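Biologist: Please take a close look at one part of this model, the helices towards the end of the chain and what surrounds them. A single connected account would do.

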Amino acid sequence: MTTLRQRRVGKGTEAAEDQPAEEKNGKPDGEILSDHTGGKLWNILSITVGGIVAISLGLLTSVYVATLHENDLWFSNIKEVEREISFRTECGLYYSYYKQMIQAASIQQGLHGLVYDNKTESVRTINILERMNVYQEVFLSILYRILPIQQYLEPVYFYIYTLFGLQAVYVIALYVTSWLLSGTWLSGLLAACWYITNRVDTTRVEFTIPLRENWALPFFAVQVAAITYLLRPHLQPLQERLTLLAVFVATFLFSLTWQFNQFMMLIQALALFILDCFDMLPTAKVTWLYIIQISGLLLVCVLQFFNSMILGSLLLSFNASVLLARMIQKNLKTGGFLNRLGKLILHVLLVLCLTLLINKFIKKILNLESDEHIFKFLKAKFGFGATRDFDANLYLCEEAFGLLPLNTFSRLSDTLLFCIYMFVLFLMTVAAVIVAFRNLSGSNQIQLMGEMEERTVTLKPDAAYNLIHTVLFGCLALSTMRMKYLWTSHMCVFASFGLCSTEIWKPVLKCIRLYTPQRTRVIKYSVTITALLYISYKFWPGIMDELSELREFYDPDTVELMNWIKSNTPNTAVFAGSMQLLAGVKLCTGRTLTNHPHYEDKNLRERTKQIYQIYAKRAPEDVHRILRSFGTDYVILEDSICYERRHSRGCRLRDLLDRANGHIMDGLGENDPDLKPSLYPRFCEEIKKNLPSYTTHFTRVFQNKTFHVYKLAKHK
């Protein structure tokens, strides 16, 4: 049978459209219908299988991390106080509000206790719902109270199982994003496998369960998946509206559950801004995304009783500036290359100036200083002058806020993830540069037909967004190790998408003159399956060994301290000490604290610095006066801080205090020339000698190998 094919000459397009369907497609009607039906059935089967695999992998991941948590702590066998102590530092503080809501006489009384809280910071009444992102604890506690599960499930298990369940949402969202980008669920399978096998670098949920990022990152992954779908061309109006709703809901939940949401979304807004400037995304959709970020954050601001840190966020100022600048420069995307480049530079400068002006104006009007410690930290970190600021140095000296260690890349390379990621990143970056240059030159207006179309480098909007997303969050991770989890999880998505993408293999094969559609399809599937087999062969035995390794929680000194506090101090007693320990004191004993690890408040930061004078070189009467000014009844001293060896000289807590107080640091080494010797010995060391000048103000009431508790005299 003779078949006809559509001519490749541009002028023949209209004529071809007038031909019968049989001639246009080169097949009889019956054969076309059969092919269409077969293709539709295959798509349904593929989506069904892919969906089942996604849900299965998500559930397996939840079970995996839950099993690791149980095996590491023997959580089901240890006492309640030991379970609570296992929620270290700020994790314990957040969980304490869930416990408080569970133990309240009613939901109304529980909420009243959070809104008018006088136990988290002594001699102050604060609104916990305004200060901290704990709506998830409130929601979960209410859910636990109203569901008929109290007889079958302890509150702590309901809490941790919810967090482990969110890991399923996280993995499914990563899977779906990779699937949307590549067009095959096989890449989603590879992304999920990489996430699991690189668990050390992709999540820390099994040992920091209540941490805010473990609540927020699953919703962030859902948001990225929804944005990826939104940026696909030819969406129906209903599809687009539903996708925008999904983006809004995910953005809102992400913002509600993490205090650092504004900084993550600022990076996301920068990605959208860069792509919009180079005309690589539809402007209308970018505008909607800006509006969604603003509205989501403002809604959270209302729920958090107009939290000052949100009102003064750079994100709100930046998004408002972009929308305002776009109204001022209406013809930004017209003209030749030099004309557009000039307009673009002016546009960037205008947005930058407007952002700084609006942000400065808001902070000045509202007298906002909640996030100043973050900017002090960034200024010192990137070398804009040395600082003795205690808060900035407290961050700088923590390993989590340092540069990403080089051994991270070797671990990621063991699973082939980093190697493939760099390969895909290089090719996609080259394509993005070419497309950006072509868009600025205005050559995207030329109709591309025939051979020219075959030779043109293209980059789909959804792929372009994920490229800039991974680059910007990669820069964040390289500069601050704690933020690597935002990058490494998306790295799994990006690398798996590239390995399964025709956009990657097509230009590669063309360069070596081996391109055919069939060969491209064979290579992308075979390489992906080979990577999956390699990962399974190399890492499955290790995962099985990990799951069979049993440990047990053991911290007798802290358990002894908490039991002593509950048995020997009044319920109204006020405790001072390190932020990390006091979070556990509040959770395990319910006693009132002087300070805590949630550091996003200027008054609390100043208070913490004052409390920490217990580890500085200060007179006993000065320390007593400071502690009593905060209503302190008992102070807990930790040998691990007083005689700290974890950090090097200059980064020990006592060194930070000495420098902030203008005193020479202990030990051999250099000191700044203006530092002076202190007139007094170190308080935490000298108090243990029971000298009269100390016993007048402090009486030791408890001690073990780790902790020393002193009761303060109440002088008139």
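Modeller: A polar contact here is a pair of N or O atoms within 3.5 Å, one able to donate a hydrogen and the other to accept it. The model is a predicted one. Ser501 sits in the loop that runs between helix H25 (484-499) and helix H26 (502-511). A polar atom of the Ser501 side chain lies 3.1 Å from the backbone nitrogen of Glu503. Ser501 has 2% relative accessibility and therefore counts as buried.

Tyr465, in helix H24, has a relative accessibility of 0%, so Tyr465 counts as buried too. Setting aside neighbours within four places in sequence, the residues in contact with Tyr465 are Val224, Ile227, Leu231, Gln268, Ala271, Leu272 and Leu275. With one of these, Gln268, the side chain of Tyr465 makes a polar contact of 3.0 Å. Asp117 is 348 residues from Tyr465 along the chain, and their C-alpha atoms are 43 Å apart.

Helix H24 (residues 461-479) also packs with helix H22 (residues 417-441), at an angle of about 120° and with the axes 11 Å apart. Because of that angle, H22 is oblique to H24. H22 brings Tyr421, Leu425, Met428, Thr429 and Ala432 to the contact, and H24 brings Ala463, Leu467, Thr470 and Val471. Sorted by class, the residues in this contact of H22 with H24 are seven nonpolar and two polar, with no charged ones.

Key. Residues are numbered from 1 along each chain as its sequence is written. This is a predicted model: local features need pLDDT of at least 70, side-chain atom pairs count only at pLDDT 80 or more; totals for chains, interfaces and linings use all residues. Side-chain values use heavy atoms; hydrogens and water are left out. Axes are lines fitted to C-alpha atoms, for helices over the stretch in contact, and angles run from 0 to 180 degrees between N-to-C directions. Helices (H or I, at least four residues) and strands (E, at least two) are DSSP runs, numbered from the N terminus. Angles under 35 degrees count as roughly parallel, over 145 as roughly antiparallel, 65 to 115 as roughly perpendicular and the rest as oblique. Contact means heavy atoms within 4.5 Å. Ala, Val, Leu, Ile, Met, Phe, Trp, Tyr, Cys and Pro count as nonpolar, Asp, Glu, Lys and Arg as charged, and the others, Gly among them, as polar. Buried means under 20% relative accessible area, exposed over 50%, partly exposed in between (1.4 Å probe, protein chains only).
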